Amino acid sequence: MQVGRIMVSPKLAIRLACCNAHSLWSDLSFLLNWLYGVVRQPHIMVLGVGGFAQAVMQILSDDGAEVSCGLTRNYAHDAPAFVGPTYDLADVDSLAEIIDRQSVDLVVPMSIDWAREPWARSLLASRAAVFSPTGDGMRIERERDFARQLCKQFSVPFPMSHVAHNRIDALEFLKAESRAFVIKNPLCSPMSPLHTIVCESPSDTRAWLERIDYAEGVFLQEYLGQREAGHIALVANGEVHSLVTNQEYKRAHAGNLGIVCGGPMGGLTQADPGDRYGLAAALLNPLKPWFADTGYTGPIQATGMFHNGRWYAIEYNIRLGVTATPMILRMLKQPVATLLRLARGNPPESKFRIGYEFGASITLAGYGYPYVQLEGPRVPVKLNSEPSCDVWWNEVTRDVEGCLTATGHRIADTVAFGSDLATAVAEANENIQKIRCLGSYHRPDIGQSLWPPGNE
Ligand SMILES: Nc1ncnc2c1ncn2[C@@H]1O[C@H](COP(=O)(O)OP(=O)(O)OP(=O)(O)O)[C@@H](O)[C@H]1O
Ligand SMILES: [Mg+2]
């Protein structure tokens with residue numbers, strides 16, 4: 001029904017028609033509230049720090065959202081503050097109060113850890129939707145052995161794995177094995193006492209088992225080589241909606257040499273709603289009954305390893321990922337609508353921008369990285385010329401004169417796009433060379449290996 005030039009619902013039309021002197025004021029305020037709800041920008045709050053929070057806030061703000069950030073760690077607080085208001089959640093018991101006060105509609109967490117915070121319950125009970133699965137759906141990332149069992153149940157290839165509770169148990173298991181095993185935390189969390197150690201021979205595994213922290217036990221997973229790729233999708237109502245196929249360069253040095261870093265040194269994404277490399281078909285689609293049963297609503301990332309002619313699932317993440325998210329959101333035509341629709345349980349209807357079919361991200365690492373025990377002073381960070389692509393600052397701050405200085409090990413990411421991979425990589429490369437910071441380095445070979453998926 002139409003009132004003046006405004007379309008109104010039948011419910012509101014009846015209400016307007018029935019208004020009398022007594023109810024005039026309450027009906028007017030009802031109408032004003034309704035109009036406010038229609039024209040108001042959605043408010044999206046990111047939970048995170050550093051370049052991830054800055055990127056998500058900026059891209060969603062460019063698409064018309066009001067944005068803010070709940071700071072979830074005790075470092076990299078400045079980058080999100082370059083874009084919008086930030087709230088330190090270190091001493092917060094209830095998030096609902098901030099969410100109500102700011103009329104937050106959607107909360108986008110950076111990592112799985114939000115669910116273990118003292119304010120997690122208040123978030124779930126608040127007016128805001130959360131861009132993440134909740135409850136049992138979270139187990140696919142959090143509990144590695146649960147992911148293994150799920151894969152077994154739905155016939156998704158998974159490397160041979162074993163949970164050991166202590167060193168003796170782990171060494172005993174290895175006695176009967178001639179294969180190499182990657183060492184992982186059984187329960188995933190950025191705060192785990194143990195982070196993945198990729199061992200490539202049985203003696204590598206045995207050597208490292210002497211050195212690790214067994215507080216939470218250890219998850220040993222057969223080493224399957226280096227032909228790795230990822231696939232990221234949105235899941236609602238038991239359906240898997242593919243977004244991108246992605247790659248992350250996790251080793252510290254060019255040529256995929258050195259150790260696996262805490263965060264990748266670069267990444268690629270390719271818009272892939274049709275699953276051209278078959279990763280969703282192999283690693284995600286078979287899990288549809290479980291997605292439906294758990295009411296899984298949110299993003300999912302599968303990391304696959306191509307081995308003996310097929311894809312194996314080596315792990316799942318219940319988020320778009322720190323490196324991929326700033327690429328995916330820029331690639332989408334309507335990132336705000338896509339996130340809101342999904343978090344409210346609707347099919348996401350993602351459409352991609354022309355000229356943004358490929359994304360490339362290159363990280364500038366600072367002094368000491370990836371050996372984060374080594375710390376340098378707060379050296380200046382300088383941009384030699386105006387960037388021509390996205391630059392997301394990570395562990396940097398402004399000094400008293402307003403100049404950027406490094407406060408940690410990961411300085412910035414340059415993120416560029418193109419209709420082909422070479423264009424995106426060239427622009428990200430050109431821009432990372434504009435940033436100068438003493439002792440810093442980046443990988444000059446992003447895109448030259450591990451692509452297309454299935455290659456080393
Ligand atoms: N079974 C395996 N065989 C060979 N390489 C592996 C294996 N498992 C892990 N890796 C390597 O180690 C990296 C990190 O492992 P994994 O993804 O399981 O750890 P994670 O800490 O959960 O990582 P993320 O931060 O991406 O969630 C992988 O991306 C891959 O390069
Ligand atoms: Mg993981």
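1. Overall form. The model is a predicted one, and its protein chain contains 15 helices and 24 strands. The radius of gyration is 24 Å, close to the 23 Å given by the globule rule for 456 residues, so the chain is as compact as a globular protein of that length. The C-alpha trace spans about 85 × 55 × 45 Å along its principal axes. Of the 456 residues, 45% count as buried. Among contacts between residues at least 6 apart in sequence, 68% join residues at least 24 apart.

2. Domains. The domain assignment divides the protein chain into domain 1 (2–39), domain 2 (43–130), domain 3 (160–222) and domain 4 (226–456). The centres of domain 2 and domain 4, taken over C-alpha atoms, are separated by 20 Å. Between these two domains, 24 residues of domain 2 are in contact with 25 residues of domain 4. On the domain 2 side, the elements that give two or more residues are H3, helix H4 (78–81), strand S6 (106–109) and strand S7 (129–130). H3 provides the largest share of that side, with eight residues. By residue class, the domain 2 side comprises 16 nonpolar, five polar and three charged residues.

3. Nonpolar core. The largest nonpolar core has 120 residues, of which Val46, Val56, Val107 and Ile328 touch the most other members. Helix H3 (residues 50–62) gives the most to this core, namely seven residues. As for Ile328, its contacts are with Ile232, Leu243, Val244, Thr269 and Leu320, when residues up to four places away in sequence are not counted.

4. Cis peptide bonds. Most peptide bonds are trans. Two cis bonds deserve a remark. The bond from Tyr369 to Pro370 is cis, with omega near 5 degrees, and Pro370 is found in the loop between strand S18 (358–365) and strand S19 (381–383). Trp451 and Pro452 are likewise joined by a cis peptide bond, with omega about -5 degrees; Pro452 is placed in the segment after strand S24 (435–437).

5. Most residues other than glycine have a negative phi. Asp275, although not a glycine, has a positive phi of about 55 degrees. Asp275 is partly exposed, with 17 other C-beta atoms within 10 Å. Ser155 is also not a glycine and has a positive phi of about 55 degrees. Ser155 lies in the loop between helix H8 (144–153) and strand S8 (161–164). Ser155 is exposed, with 8 other C-beta atoms within 10 Å.

Notes
Residues are numbered from 1 along each chain as its sequence is written. Chains are lettered from A and ligands numbered from 1 in the order in which they are written. This is a predicted model: local features need pLDDT of at least 70, side-chain atom pairs count only at pLDDT 80 or more; totals for chains, interfaces and linings use all residues. A nonpolar core is a set of buried Ala, Val, Leu, Ile, Met, Phe, Trp, Tyr and Cys residues joined through C-beta atoms within 7 Å. A residue is buried if 20 or more other C-beta atoms lie within 10 Å of its own, exposed if 12 or fewer, and partly exposed in between; C-beta atoms are placed from the backbone. Helices (H or I, at least four residues) and strands (E, at least two) are DSSP runs, numbered from the N terminus. Two residues are in contact if their C-beta atoms, placed from the backbone, lie within 7 Å. Domain bounds come from an automatic or database domain assignment. Ala, Val, Leu, Ile, Met, Phe, Trp, Tyr, Cys and Pro count as nonpolar, Asp, Glu, Lys and Arg as charged, and the others, Gly among them, as polar. The radius of gyration is taken over C-alpha atoms; the globule rule is 2.2 Å times the number of residues to the power 0.38.
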